[in-house]
Amino acid sequence: MADTEISTTTDRAPEAPPTEGERRSFRDTLRSAEIDARLAGMLIALAIIWIVFQIVTPGHTFLTPRNLWNLSVQTSVVAIMATGMVLIIVERHIDLSVGAVMAVVGMVMGAFQHDFLPDVLRFDHPLTWVMTLALGLVLGAVIGAFQGVIIAYVGVPSFIVTLGGFLVWRGLAWRVASGQTIAPMDSHFRLLGGGSDGSIGGTWSWVVGIVACVGIVALQLTKRRQRARYGFRLRPMWAEIALGVAGCGAVLAAIWFLNRYYVPAGIVAQRGLPPGTNVSQGLAIPVLLALGVAVVMTFIGTRRRFGRYVYAIGGNPEAAELAGIKTKSTVVKTFTLMGVLVALAAAVQIARLNAAVGSLGTGIELNVIAAAVIGGTSFTGGIGTIAGAVLGALVMQSLVSGMVLMGIEAPLQDVVVGIVLVLAVALDTIVRRRAAR
Amino acid sequence: MNARNGTPLVELRDMRVAFGGVHAVDGVTVDLYAGEVVGLVGGNGAGKTTLIRTLSGAHSADSGQILIDGEPVTIETPRDAKELGIETIYQTLALADNIDAPANMFLGRELTTRFGNLDTSAMEDATRKIMGRLNPKFEKFVAPVSTLSGGQRQSVAIARAVHFNARVLIMDEPTAALGPAETKQVRDLINQLREEGLGIFLISHDIHDVYDLADRISVMLQGKLVGTVDKDDVTVDEVLAMIIMGKKPGQVTQRDIAELH
């Protein structure tokens, strides 16, 4: 019995016998293209989601400038925090406290600009927003560093520390104003939240788009020149040009599409323009913030020592330690950075709501973690990208936005998002396992 | 063949390390001269890796003294050891699997541009150069090291140790994961580095490996040093008797050796 079984398997095994060399090179191609393939896969998934929603929503309202503009604003808060969560999860940690920290920082910023600053400066002073934001960022950094020190130096698992933080910071957030809502926010500060005034208009949006294009081309050129200097193999010219054109094209197309979302007629009249003028809203400030954060975080993650160490710690903590990396201080820095990003997200959120409430950011930690995970961040550590997390946030928000347009009630929305989360990770795991074989 | 006079390059004096109540290293003294290979041998649990980890900064000793060029030094972290020119190739290789070969080679000592950004091209270039010397067939410079074969991973670990102008090299089972051709490469490299004047601690439980390469052999048994002998003064069998029975060369009888076989 056993003998026949063995003989059948050995007969079957060499059916398609790729030589060792062939199999290797195929694997290599798969691997070297992995990150790009993953991102490309996510973009395709996003495109499918958008097209399906466009077809099924009543009145086909999904792919309208108005909806996508709103989508971009709704995504920004989660996206800002997800960029930090990627590094935390890459480092084999977790942060469950981001929603609660958001609340306490938001409440302090609210109270500071509403109750404290008007007495010191004067009401609606132009410096109010800067001072408020600075205070918030510092507070976020301090809270993040505090939790990071307990995790890295005392050695309490991050799950426990941030679970404690989840309760503590939320409780303190309610104490800041004894449970009351603080409103309204300073008029300049409110611009951080977007809206008609908190957008940069059509012309400036084009400027941003052109700057982004110049940036893309400059990056390509620098990289090419550097590789040429060392005599490394260069990407074929046609591929380089195709990539540049595709990148710039996507940026400019997005700007063009979003610029077709116009300021409401009432506000046009308020600004003293003739009725019927189309004034583009342009990119919202929170969207610009999120994009800026994504660029900076990608730079930190891939081009700075700190980022390299985060990935090394995630890949092999012992090896990182033996290589002489200060692993503990790297962990503290990561949590500090997370705190700063949470504070920025809190500022956007209270500006958008035009109010600070103790329930700010309730449950948002789960969205942030889910965005990172849908974006390809692995809980085994060492793997994940900032761009993936931002796309992950966009995928999640797209699902919610589309379902709202379809009139699906909230509990069912949660069901769908939950299923997508597990499906995305399952797919990722299968692809990874295939690639590793 | 090499004159051991003057101050040794490295001296470990009366080192002690205990885990709980177990003395993993119990009053061991060994030394190493420039241009010399000292084999450190012993069975499993003899304490050779633990002893050497105190020198590479991976583990701190409970007591004892480390001297470099006759000067007492403090080695508390791997960074301290590296600053003193002590490089280690760990048995586990200590590579971060998710990043590529140049990133591993320069881990903790990255090359940067004048703005402090990682200079990945310069690091790749340096890695290509050193690999051209150590393992000319190596070509996966941009893939995560998890995709490399055992031998390729080993060459990354070795490249990392020899690139930074080490004076002292610690090799913990450097050929354990290698095939015959790669083993020969490592042996040639060890001989070459000795010629260049490095001091090398070679840990292995393959006595033939050590016997072929080492100038002196220090034998450990149950955390204690049995003795250090000149390779030219002893036979393989005598070293085996030291490893297994803990007997010094003079005490080994023909009967003991017969018993070993």
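The structure is a predicted model, in which local features need pLDDT of at least 70 and side-chain atom pairs count only at pLDDT 80 or more, while totals for chains, interfaces and linings use all residues. Residues are numbered from 1 along each chain as its sequence is written, and chains are lettered from A and ligands numbered from 1 in the order in which they are written.

**Exercise 1. Describe how H5(A) crosses H14(A), and how H4(A) crosses H15(A).**

Step 1. Axes are lines fitted to C-alpha atoms, for helices over the stretch in contact, and angles run from 0 to 180 degrees between N-to-C directions. The axes of helix H5 (residues 98-120) and helix H14 (residues 327-353) of chain A come within 8 Å and cross at roughly 60°, which makes H5(A) oblique to H14(A); the classes are roughly parallel under 35 degrees, roughly antiparallel over 145, roughly perpendicular from 65 to 115, and oblique for the rest.

Step 2. A crossing is left-handed if the near helix is turned anticlockwise from the far one by less than a right angle, and right-handed if clockwise; the crossing of H5(A) and H14(A) is right-handed.

Step 3. Residues are in contact if their C-beta atoms, placed from the backbone, lie within 7 Å. Among the residues of H5(A) that meet H14(A) are Val98(A), Val101(A) and Gly106(A), and among their counterparts in H14(A) are Gly339(A), Val342(A) and Gln349(A). This contact has eleven nonpolar, four polar and no charged residues, where Ala, Val, Leu, Ile, Met, Phe, Trp, Tyr, Cys and Pro count as nonpolar, Asp, Glu, Lys and Arg as charged, and the others, Gly among them, as polar.

Step 4. For helix H4 (residues 65-90) and helix H15 (residues 364-374) of chain A, the axes come within 8 Å and cross at roughly 65°, and the two helices are therefore roughly perpendicular to each other. H4(A) passes H15(A) in a right-handed crossing. The contact includes Val78(A) and Met81(A) of H4(A) and Asn367(A) and Val368(A) of H15(A); by class it has eleven nonpolar, one polar and no charged residues.

**Exercise 2. Work out in which order the four strands of the antiparallel open sheet in chain B stand.**

Step 1. Strands pair if DSSP finds at least two bridges between them. Strand E1 (residues 10-19) and strand E4 (residues 63-68) of chain B are joined by five bridges in the antiparallel sense, with Val10(B) and Ile68(B) as bridge partners.

Step 2. E4(B) pairs with strand E5 (residues 71-73) of chain B over three bridges, again antiparallel; Leu67(B) stands opposite Pro72(B), and Ile66(B) opposite Val73(B).

Step 3. The order is E2-E1-E4-E5 (chain B). Strand E2 (22-32) and E5 of chain B are the edges, each with a single partner strand, so one side of each is left without a neighbour in the sheet.

**Exercise 3. State how many residues each chain gives to the contact between chains A and B.**

Step 1. Chain B gives 24 residues and chain A gives 26 residues.

Step 2. On the chain B side, helix H2 (78-83) and helix H4 (120-134) each supply at least two residues, and the residues of that side divide into twelve nonpolar, six polar and six charged.

Notes. Two residues are in contact if their C-beta atoms, placed from the backbone, lie within 7 Å.
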